[in-house]
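Try each task before you read its solution.

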Amino acid sequence: MFGAALGDIVGSKYEFSPIKRKDFEFLSYDMDFTDDTIMTVAVLEALAKSDINNEEETKKNLVDSMKKWGEKYPYPTGGYGGMFFRWLNSSSSEPYNSWGNGSAMRVSAAGFLYDTIGETRKAARLSAEVTHNHPEGIKGAEATASAIFLARKGESKEGIKRYITKEFGYDLDRKLSDIRKTYTFDGSCQGTVPESIICFLEGTDTEDTIRNAISLGGDADTMGAIAGSIAEAFWKEDLSPLVYTYLTRDIYSILDSVKIKA
């Protein structure tokens with residue numbers, strides 16, 4: 001469960017200072033975890049104690065966990081998205097029809113916790129619907145979690161690509177070298193999730209995958225988190241030593257509570 005945090009931390013330096021190259025310092029003192037890691041932990045904590053067949057209870061746990069962690073870390077590096085920040089600080093638990101990539105950056109737990117693709121997609125859908133109940137927001141979460149699940153289960157890159165293309169309609173035939181030429185910051189699921197998956201498909205390991213994501217010059221921390229979580233599941237690398245000094249004890253312990261299953 002450390003791939004999302006690693007991608008988030010490395011990308012934190014470049015979210016507002018985008019770069020278009022891969023030869024950057026991978027970890028440095030001026031990087032930090034952002035809301036992406038905080039909400040990844042919130043979703044993990046909620047799903048781990050929920051029966052996803054009880055959708056009402058699961059959604060309540062998700063809302064409660066997100067608001068708890070949001071209160072604990074009210075002003076993270078980079079800040080929260082505007083609508084999500086207002087939701088966090090309101091008394092309302094109602095979703096706001098977002099198609100933003102927040103639903104995808106926080107969903108990785110759904111890809112690691114369950115034994116079937118059906119359960120994985122259901123958990124991803126529920127985690128999105130509490131805020132990002134727009135069809136694109138839900139699709140982005142389900143696609144990301146599905147890619148993680150398939151990678152975890154030993155599916156080939158080609159098999160992952162076929163499934164995501166068939167089920168979600170994303171165009172994964174594009175090349176990063178072509179995308180990079182014109183790509184700019186995009187906060188939507190539809191404009192970041194397929195690109196992040198392509199970063200994994202062209203990656204040689206987790207570090208290279210995260211470098212791919214950041215080199216596009218877009219929403220670097222979020223794309224790093226999405227791509228990094230898929231890469232971790234695929235290559236099954238122990239990433240915890242890389243992020244240990246960047247994370248607070250409470251966040252590290254929650255992420256460390258979930259091991260990559262076969």
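**Exercise 1: an enclosed helix**

Nine of the nine residues of helix H11 (residues 193-201) are buried, so H11 is largely enclosed by the rest of the structure. Buried means under 20% relative accessible area, with exposed over 50% and partly exposed in between (1.4 Å probe, protein chains only). Helices are DSSP runs (H or I, at least four residues), numbered from the N terminus.

This is a predicted model: local features need pLDDT of at least 70, side-chain atom pairs count only at pLDDT 80 or more, and totals for chains, interfaces and linings use all residues. Residues are numbered from 1 along each chain as its sequence is written, and side-chain values use heavy atoms, leaving out hydrogens and water.

Task: find what the buried residues of H11 pack against.

Solution. Start with the buried residues themselves, among them Val-193, Cys-199 and Leu-201. Then look for their partners: helices H5 (102-105), H8 (135-152), H9 (157-168), H10 (176-182), H12 (206-214) and H13 (220-235). Contact here means heavy atoms within 4.5 Å.

**Exercise 2: the cysteines**

Task: work out how many disulfides the structure holds.

Solution. A disulfide is counted when a pair of cysteine sulfur atoms lies within 2.5 Å. The structure holds zero. Cys-189 is in no disulfide, and its nearest cysteine sulfur, that of Cys-199, is 15 Å away. Next, check the burial: Cys-189 is buried at 0% relative accessible area, and Cys-199 is buried at 0% too.

**Exercise 3: helix H1**

Task: say how many residues of H1 (residues 3-12) are buried, and what covers them.

Solution. First count: 10 of its 10 residues are buried. Then look around them: the cover includes H2 (35-48), H6 (108-113) and H15 (249-256).

Terms used: Helix = DSSP H or I, 4+ residues; strand = E, 2+ residues; numbered from the N terminus.
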